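Keep the sequence and the model side by side. The text below walks through the fold, from the whole chain down to single residues.

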Amino acid sequence: MLLNLFNKKNKPNPIFDVLGVDMHSHLLPGVDDGSKALDESINCLRALAQLGFSRTIITPHFQYPRFQNKEYDIERRYSEFCTQVKQAGVGIELAGIAGEYRIDTGFQARLDNPQFLKVGGRYVLVELSLHHQLMGVDEMLFDMQMKGYDVILAHPERYPYITLSSDRYERMKDAGILFQCNILSLSGFYGPDARQKAITLVDRGWSEFLGTDTHNEIYIKAMIEASHNRTVQRVLQRHQFLNNQL
Ligand SMILES: [Fe+2]
């Protein structure tokens, strides 16, 4: 499906130039629940450029058993993708491939034999279940820290079982875990609960990074709307993020 992304009423506002780098997206076609085809990815990349991003890091899901991606295969596909995107010309630099690793039952084995594709060559981007709390998750996160990994937790605001009234966010921050809130959470795309948590985490200075988590053109349409959203604009004006250092 190719949506008509640009019309007069819905023009991308390039406010994300202050971030420079989008460090979370699913635009490598056909490897997860993100983009399904090259033309869809190219459309999305062009739109990200028009939203002000100059570089992008793509982060396919590594999630057992749903997306059993292998690092070597993702790297090979990414290299082909880079050639195709370069030929098409998209106005945004492809700045690397990483993974979004789900902390699940297969994760302990991954931890013992690490081949992580890291964001900016340094950070392991992890996510938790969006529905159910798995036993031992915090221990695995802290274990990663102990093993010397720099860990970024993707969209901490999207886990319904982690609430602002608990001390879990605080304990993760104390352990040195970095957070990446989704821009679309700030504009309400994932509902009021995620929105409130994202605003609070960002205002506390706990979200070192922001990401688009773009999967397809529906997310891009929402990103264009978000570029006119007052909360998103306020956040970008008031806070600094580390995206540019990637
Ligand atoms: Fe994601």
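Predicted model: local features only at pLDDT ≥ 70, side-chain atom pairs only at ≥ 80, totals over all residues.

Residues are numbered from 1 along each chain as its sequence is written.

Start with the whole chain. The protein chain has nine helices and nine strands. Helices (H or I, at least four residues) and strands (E, at least two) are DSSP runs, numbered from the N terminus. Along the principal axes, the C-alpha atoms of the protein chain fill a box of roughly 50 × 40 × 30 Å.

Burial comes next. A residue is buried if 20 or more other C-beta atoms lie within 10 Å of its own, exposed if 12 or fewer, and partly exposed in between, with C-beta atoms placed from the backbone. Of the 246 residues in the protein chain, 43% are buried. Two residues are in contact if their C-beta atoms, placed from the backbone, lie within 7 Å. Take the contacts between residues at least 6 apart in sequence: 79% of them join residues at least 24 apart.

Now the sheets. Two strands pair if DSSP finds at least two bridges between them. Three strands form an open sheet in the order β1-β2-β4, with parallel pairing. Its edge strands are β1 (21-22) and β4 (93-97), each pairing on one side only. β1 runs parallel to strand β2 (residues 55-58), and two bridges join them. Here Asp 22 stands opposite Thr 56 in β2. Helix α2 (residues 71-88) lies across β2 and β4, running at about 175° to β4. For such angles, axes are lines fitted to C-alpha atoms, for helices over the stretch in contact, and angles run from 0 to 180 degrees between N-to-C directions.

The other sheet is also open. Six strands build it in the order β3-β5-β6-β7-β8-β9, and the pairing is parallel. β3 (61-62) and β9 (209-211) each have a single partner strand, so one side of each is left without a neighbour in the sheet.

How covered is strand β7 (residues 150-154)? Four of its five residues are buried. On one pairing, strand β6 (residues 123-127) and β7 run parallel over four bridges, and Val 126 stands opposite Leu 153 in β7. On another, three bridges join β7 in parallel to strand β8 (residues 178-182). There Leu 153 stands opposite Phe 179 in β8. β8 in turn runs parallel to β9 over three bridges, with Gln 180 opposite Phe 209 in β9.

β6, helix α4 (residues 137-146) and β7 make a right-handed β-α-β unit. β7, helix α5 (residues 168-174) and β8 make a right-handed unit of this kind too. A crossover is right-handed if, with the strands pointing away from the viewer, the path from the first strand over the helix to the second runs clockwise.

Turn to helix α8 (residues 217-226). Its buried residues are Glu 217, Tyr 219, Ile 220, Met 223 and Ala 226. They lie on the same side of α8 because they cover an arc of only 160° around the axis. That arc is taken over the directions from the helix axis to the C-beta atoms. The cover over these buried residues includes α1 (38-50), α6 (183-186) and α9 (230-238).

Which residue shows the α6 side? Ile 183 is found in helix α6. Ile 183 counts as buried because it has 27 C-beta neighbours inside 10 Å. Leaving out residues up to four places away in sequence, Ile 183 touches Leu 210, Gly 211, Thr 212, Met 223, Ala 226 and Val 232. Its C-alpha is 8.6 Å from that of Ala 198, 15 residues apart in sequence.

Leu 236 lies in helix α9. Leu 236 is buried, with 21 other C-beta atoms within 10 Å. Leaving aside neighbours within four places in sequence, Leu 236 is in contact with Ile 15 and Val 18. The C-alpha atoms of Leu 236 and Ile 183 are separated by 10.0 Å, although the two are 53 residues apart along the chain.
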